[in-house]
Amino acid sequence: MRRGTDAAQPPDPVDARLAGRLAELRAERGWSLGELAERSGLSRSTLSRAERAEISPTASQLNRLCHVYGRTMSRLLGEVEAEPAPVVRVGDQPVWADRASGFVRRSVSPPHPALRGELVEGRLAVGADIAYDRPPVAGLEQHVWLLDGVLEVTAQDAVHRLDAGDCLRLRVWGPTRFRCAGDAEARYVLAVVLP
């Protein structure tokens, strides 16, 4: 996914569909860019550029929008993919990258808007540190199973250090932080369950 404007290149297809869906969600609620900016804490300029696919939102920005729209990131990204299938082959699993922060996210579960649970594979580059100021949905249940590396997860002012094989279960009500705390990439499975 791209970070800036390149007039010679058309937008990435996923970015274009995501931009369209973000614009639809705002229009469905009858909100102006200013109202969405107030609700999300993002600038009108950033929101406008994201809705026109001039930029790809960062993980933190997308999380803020998911919170405002009451969706998980997987659900939002699933809405811009093709019709749900019961099996998604590894080569067809949507991958989204926030290159600025060193975060790569693979939607493992076949997307379906009526289901409450989903699996996500996360990869954090060495030194990557991602902070979310709020969950996309209050009370979201998460299970973080670390496959490789060392990961620190901060939630409700508690820091949990995970080594390969460890699993953390939590309910997310406020800010969270995921930090690669080792000298190798942290790779984990995140199970997300809507309340």
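## Packing of H2 and H3

In this predicted model, helices H2 and H3 are roughly perpendicular to each other, because their axes cross at roughly 110°. The two axes come within 9 Å, and the crossing is right-handed.

On the H2 side, the contact is made by Leu 33, Gly 34, Leu 36, Ala 37 and Ser 40. H3 contributes Arg 44, Leu 47, Ser 48 and Glu 51.

## The buried face of H3

Helix H3 spans residues 44–51, and Leu 47, Ser 48, Ala 50 and Glu 51 are buried in it. Seen down the axis of H3, these buried residues fall within an arc of 165°, so they line one face of the helix. An α-helix has 3.6 residues a turn, so residues three or four places apart point the same way.

What covers the buried residues of H3 includes H2 (33–40), along with helix H1 (13–29) and helix H4 (59–69). Leu 47, Ser 48 and Glu 51 are buried and also take part in the contact with H2. Just after H3, Ala 53 takes a positive phi of about 60°.

## Cysteines

A disulfide is a covalent bond between the sulfur atoms of two cysteines. The count in this model is 0 disulfides. Cys 167 is in no disulfide, and the nearest cysteine sulfur to its own, that of Cys 180, is 18 Å away. A disulfide would need the two sulfur atoms within 2.5 Å.

Cys 180 is likewise in no disulfide. Cys 180 is buried, with a relative accessible area of 2%.

Conventions:
Residues are numbered from 1 along each chain as its sequence is written. This is a predicted model: local features need pLDDT of at least 70, side-chain atom pairs count only at pLDDT 80 or more; totals for chains, interfaces and linings use all residues. Side-chain values use heavy atoms; hydrogens and water are left out. Buried means under 20% relative accessible area, exposed over 50%, partly exposed in between (1.4 Å probe, protein chains only). Helices (H or I, at least four residues) and strands (E, at least two) are DSSP runs, numbered from the N terminus. The arc is that of the directions from the helix axis to the C-beta atoms. Contact means heavy atoms within 4.5 Å. Axes are lines fitted to C-alpha atoms, for helices over the stretch in contact, and angles run from 0 to 180 degrees between N-to-C directions. Angles under 35 degrees count as roughly parallel, over 145 as roughly antiparallel, 65 to 115 as roughly perpendicular and the rest as oblique. A crossing is left-handed if the near helix is turned anticlockwise from the far one by less than a right angle, and right-handed if clockwise.
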